[in-house]
Amino acid sequence: MKYLSVLLFFVVCNAANAATAGPYAFAAHKQLVADTDTVFRKQSISVGASYGSDIQFFGRTGPIKYPFMSTDAIYNSKSGFFVYSSIFKVLGYNPLIDEIDLGGGYLFNYSKKTTGTISYTRFIFNKDAAQVIKSASSNDINFKNSFNWGFAKSSIITDYLFGQASDFFITLNTSKYIETSWSIFDDKDYLSFNPTISAILGTQNFVERYYLDHQYRVDVDNIFPPGDGQPPRYNDGRFNALNYSIKLPIAYNRPHYTFEASWKYSIPVNVEGPLENRHEVFFNLTFYYLFF
């Protein structure tokens, strides 16, 4: 890397982008930090803001699109410990703040090519936003390991989410980081690209929880045909493939900040119930500034 441009936001699921509106809101948003990131052990603070075209939870979206904005702050210590917080706003709804996330974790350096993190995140939801993003999983334990092959970088991420519903996910990523050898405006800036392919596997207990928490909405929208009023039964505890995706982030970098635009094509599989998804293109804008 030419510069120490942004911190890696080592939490939750790298491929999940954002959590799903409906029952889970932003529970897996933590990849909102720019993908063109540098990992280093140095005392620093990173702050940023993001916009997303829709909310996604481990490869699932709700029946309605929910564009959102967020702000984030991360403190990283020399020892490897880090703490972070995030504030979210679903655009088009009344609450000024829909969700606040708080968490912390530790960065491991196994070798020059292998790194890992472990973290815990607590999701706090605005009661007035309950019908939009009320979460069934208010806690997440995340463990991530990454290996740099030289020609590409791979990671395996595990997430255990628990609360009113509990689910376990595994995310597999492979990416190729590329940066330009030429500058745009002066000798301190450059462009970077980080194309990524991802696969998400996991359980889907959140599907039934979504139905129970939002039955009024699925009835109004006729998402389910009329029945006897009993919630449908799903085989949600089965561990299965959930989503495949291709993502292309493009970033403008300077020594202390990064501005990134990213596109992701998402292919959900083995979908059920009110979260029955379609192929979708997601668009995100992210800006991060690093103090060190």
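# Reading the labels in a predicted model

The protein has three helices and 14 strands, and the model is predicted.

User: What makes N173 count as buried?

Analyst: Its relative accessibility is 8%. Buried means under 20%, so N173 is buried. N173 sits in strand β8, residues 167-175.

User: How do you know that the side chains of N173 and S198 are joined by a polar contact?

Analyst: The distance between them is 2.5 Å. The limit for a pair of N or O atoms is 3.5 Å, and the N173 and S198 side chains come within it, so the pair counts as a polar contact.

User: Where does R254 lie, and is R254 buried or exposed?

Analyst: R254 is in the loop between β12 (240-253) and β13 (257-268). At 16% relative accessibility, under the 20% cut-off, R254 counts as buried. The side chain of R254 also makes a polar contact of 3.2 Å with the side chain of Y252.

User: Why is E260 called buried?

Analyst: The relative accessible area of E260 is 2%, and the label applies under 20%, so E260 is buried. E260 belongs to strand β13. Between E260 and S192 there are 68 residues of sequence separation, and their C-alpha atoms are 9.1 Å apart.

User: What makes S155 buried, and in which strand is S155?

Analyst: S155 has 10% relative accessibility, which is under 20%, so S155 counts as buried. The strand is β7, residues 153-163. S155 and T171 are 16 residues apart in sequence, with a C-alpha to C-alpha distance of 8.0 Å.

User: How many aromatic pairs are there, and why is the pair of F57 and F169 called edge-to-face?

Analyst: The structure holds 16 aromatic pairs. For F57 and F169 the ring centres are 5.8 Å apart and the planes stand at 85°. Centres within 6.5 Å make a pair, and planes over 60 degrees apart make it edge-to-face, so F57 and F169 meet both conditions. The pair links distant parts of the chain: F57 is in the loop between β1 (44-52) and β2 (68-76), F169 is in strand β8, and they are 112 residues apart. Both F57 and F169 are buried.

User: What makes F147 and W149 an edge-to-face pair?

Analyst: Their ring centres are 4.7 Å apart and their planes are at 75°, so F147 and W149 are edge-to-face.

User: Why are F147 and W149 called partly exposed?

Analyst: F147 has 29% relative accessibility, and W149 has a relative accessible area of 47%. Buried is under 20% and exposed is over 50%. Both values fall in between, so F147 and W149 are partly exposed.

User: Which residues form one aromatic cluster?

Analyst: F81, Y106, F108 and Y110 form it.

User: How do you know that K264 lies over the face of F282?

Analyst: K264 is at 5.5 Å from the ring centre of F282 and lies over the face of the ring. The distance limit is 6 Å, with a further limit of 35 degrees from the ring normal.

User: What is the pLDDT of the model, and where is pLDDT below 50?

Analyst: The average pLDDT is 79, and 72% of the residues score at least 70. Over residues 1-39 the pLDDT is below 50, and this stretch has 216 contacts in the model beyond near neighbours in sequence. Residues 216-226 also have pLDDT below 50, with 13 such contacts. Where pLDDT is low, predicted coordinates should not be read in detail.

Notes. Residues numbered from 1 in each chain as written. Predicted model: local features only at pLDDT ≥ 70, side-chain atom pairs only at ≥ 80, totals over all residues. Heavy atoms only, no water. Helix = DSSP H or I, 4+ residues; strand = E, 2+ residues; numbered from the N terminus. Buried < 20%, exposed > 50% of the residue type's maximum accessible area, 1.4 Å probe, protein only. Polar contact = N/O pair within 3.5 Å; in protein donor to acceptor, adjacent residues only side chain to side chain. Phe/Tyr/Trp six-rings, centres within 6.5 Å; stacked < 30°, edge-to-face > 60°. pLDDT = per-residue confidence, 0-100. Contact = heavy atoms within 4.5 Å.
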